[in-house]
Structure formats: C-alpha cells, structure tokens
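Reader: Please take one part of this model and go through it closely. I would like to know what surrounds it and what it pairs with.

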Amino acid sequence: MKAAVISDIHANLHALDAVLGEIDAAGVDEIWCLGDVVGYGAFPDECVMALKDRCPVFLLGNHDLAALREIDIGTFSPSASASARWTRDQLGDEAMAFLRGLDGTSARRDEIGMYHASPRDPIWEYVVDSDLAEDNLSVQEERIALIGHSHIALYFTRIDEMSRVSSVLAPEGTELNLATGKWLINPGSVGQPRDGDPRAAWAELDTESLKARFHRVEYPIEQAAQAIHDAGLPPHLGDRLYKGH
C-alpha cells in the first residue's frame with residue numbers, strides 16, 4: 001500500500017489544496033494525517049472539512065486539542081493563543097464534531113506507528129536532535145514510526161542497538177530504504193514549514209517495498225499570508241510563511 005503522510009496543515013488551505021493535488025496525481029491509496037490541521041492559518045473549518053472523509057488515519061495535534069478546549073493554552077505563545085481563540089470561533093459545528101470524534105494523538109497502521117509529536121509524548125515533545133530521537137527509538141514499540149509537530153522534514157535512524165542514531169534533514173526528493181533498522185520519520189509541515197524551505201511538505205510511504213520519499217510543493221504563499229492578515233490574526237503568522245521558519 002502507498003500512503004501519503006501529511007502533518008501540521010495549520011489551517012493553510014492554499015498549501016493543503018496544492019499538496020492534495022500532488023497526492024491525487026501520485027495515485028496513493030490512503031492519506032495519513034498526523035495532526036494540527038488547525039491553528040495559525042485563516043481556514044480552519046475548510047481544512048478540516050477537506051480532509052475529514054479522506055484520511056483513515058487522522059490524529060489530533062496540540063492545536064487541534066486547543067481548539068477543542070481540551071488543553072490549556074496558557075503555555076502557548078501569545079500569537080498561538082490568539083490564533084487558538086480565533087479558531088474556536090471559526091470552526092463550524094460539523095468540523096468541531098468531527099474533531100471531537102477522533103481517537104487521539106497516536107495510532108498504528110500496517111505495523112507503522114504514528115504520533116503527532118513523539119512516541120514518548122504524543123502531544124508536546126519536539127524531536128529535533130539525535131539525543132531526543134535516541135530516547136524515543138528506545139521506547140517506541142514499532143520499528144518504523146511517523147511524527148510531526150516540529151514542522152521540520154527529517155528522519156532519524158538506528159541500524160541496530162549498538163549503533164548511534166543518525167539525524168538527517170530531508171530535502172525534496174530524499175528517498176529512504178526502511179527495510180532494516182529502526183526509524184523516526186517526520187514528513188515536514190504542509191502549512192507552516194520551519195526547515196528553511198517555505199514550500200508545503202509531505203512524504204510518500206510504500207508499506208510493501210518499505211520505501212519512503214519526501215516531497216515539496218509550490219503554493220501561492222502570498223494569498224495564504226494575505227488571508228491571515230485579512231482575518232485579523234497576528235501578522236507575523238503570515239509573514240513567516242515566506243521564509244519557512
């Protein structure tokens with residue numbers, strides 16, 4: 001089976017539409033969403049509705065939980081808190097009911113583990129270096145796990161228990177052979193990349209051949225940024241889309 005792995009859409013409908021167009025052209029069998037469909041961007045309701053019937057795996061992220069009032073936003077940055085409050089008012093009844101009906105922040109499909117943030121802490125932990133990856137690879141039950149949350153397209157791997165963990169950024173076109181070793185893979189962010197590449201990110205995973213490929217997609221950033229400004233959201237949430245950080 002071929003799966004498209006997406007994460008951290010963050011209510012960026014322009015980026016999501018571009019990614020879904022490429023996914024459709026790629027002929028994948030399923031779309032797996034690792035969470036944070038809402039937050040920061042101007043189209044939370046539209047993004048939830050665009051994905052609700054397309055993703056047999058659909059995780060909740062911390063921003064989704066914030067929109068549902070299921071976590072305290074007191075630890076959020078001021079702009080993230082403002083966005084969470086705005087998002088709560090923008091989500092329609094159907095989108096809100098859909099999010100409330102989701103199972104949680106982790107899942108498993110075809111022996112692949114999926115976590116919004118990390119196997120150790122599916123809601124909050126940012127796995128961005130080898131030490132953190134080492135800790136998570138040691139506790140994750142699955143040989144291959146997918147994570148989001150950091151908005152950085154990258155992967156961590158340990159060939160065997162005696163080996164050090166390798167940490168590698170994954171620019172467009174990076175291909176992985178997952179047949180051996182233990183892995184943590186982050187597809188990057190659809191709507192708020194933070195790895196220096198402003199293009200929308202997603203990853204393709206073949207569960208039979210155990211191959212993965214990272215993708216980037218151009219989208220009209222200026223329109224997404226203008227929509228954030230027009231909605232009255234903190235302006236820097238739109239401005240940073242141009243830089244990818």
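This is a predicted model: local features need pLDDT of at least 70, side-chain atom pairs count only at pLDDT 80 or more; totals for chains, interfaces and linings use all residues.

Author: Leu-146 has Ile-185 of strand 10 as its bridge partner. That pairing belongs to the contact between strand 6, residues 144-147, and strand 10, which run parallel and are joined by 3 bridges. Ile-185 is also the bridge partner of Tyr-155. Here the neighbour is strand 7, residues 153-158, which pairs with strand 10 in the antiparallel sense over 6 bridges.

Then the rings. The structure holds 4 aromatic pairs. In one of them, Tyr-155 and Trp-183 have ring centres 5.9 Å apart and planes at 40 degrees, so the pair is tilted. Because Tyr-155 lies in strand 7 and Trp-183 in strand 10, this pair ties together parts 28 residues apart in sequence. Both residues are buried. Tyr-155 also pairs with Phe-214, with centres 6.5 Å apart and planes at 35 degrees, so this pair is tilted. Phe-214 lies in strand 12, residues 211-217, and Tyr-155 in strand 7, so the parts tied together are 59 residues apart in sequence. Phe-214 is buried, as is Tyr-155.

Arg-158 is buried, at a relative accessible area of 3%, and its side chain makes a polar contact of 2.6 Å with the side chain of Glu-134.

Key: Residues are numbered from 1 along each chain as its sequence is written. Side-chain values use heavy atoms; hydrogens and water are left out. Two strands pair if DSSP finds at least two bridges between them. Helices (H or I, at least four residues) and strands (E, at least two) are DSSP runs, numbered from the N terminus. Buried means under 20% relative accessible area, exposed over 50%, partly exposed in between (1.4 Å probe, protein chains only). A polar contact is a pair of N or O atoms within 3.5 Å; within protein, one must be able to donate a hydrogen and the other to accept it, and residues adjacent in sequence count only if both atoms are side-chain atoms. Rings of Phe, Tyr and Trp (its six-membered ring) pair if their centres lie within 6.5 Å; planes under 30 degrees apart count as stacked, over 60 as edge-to-face and the rest as tilted.
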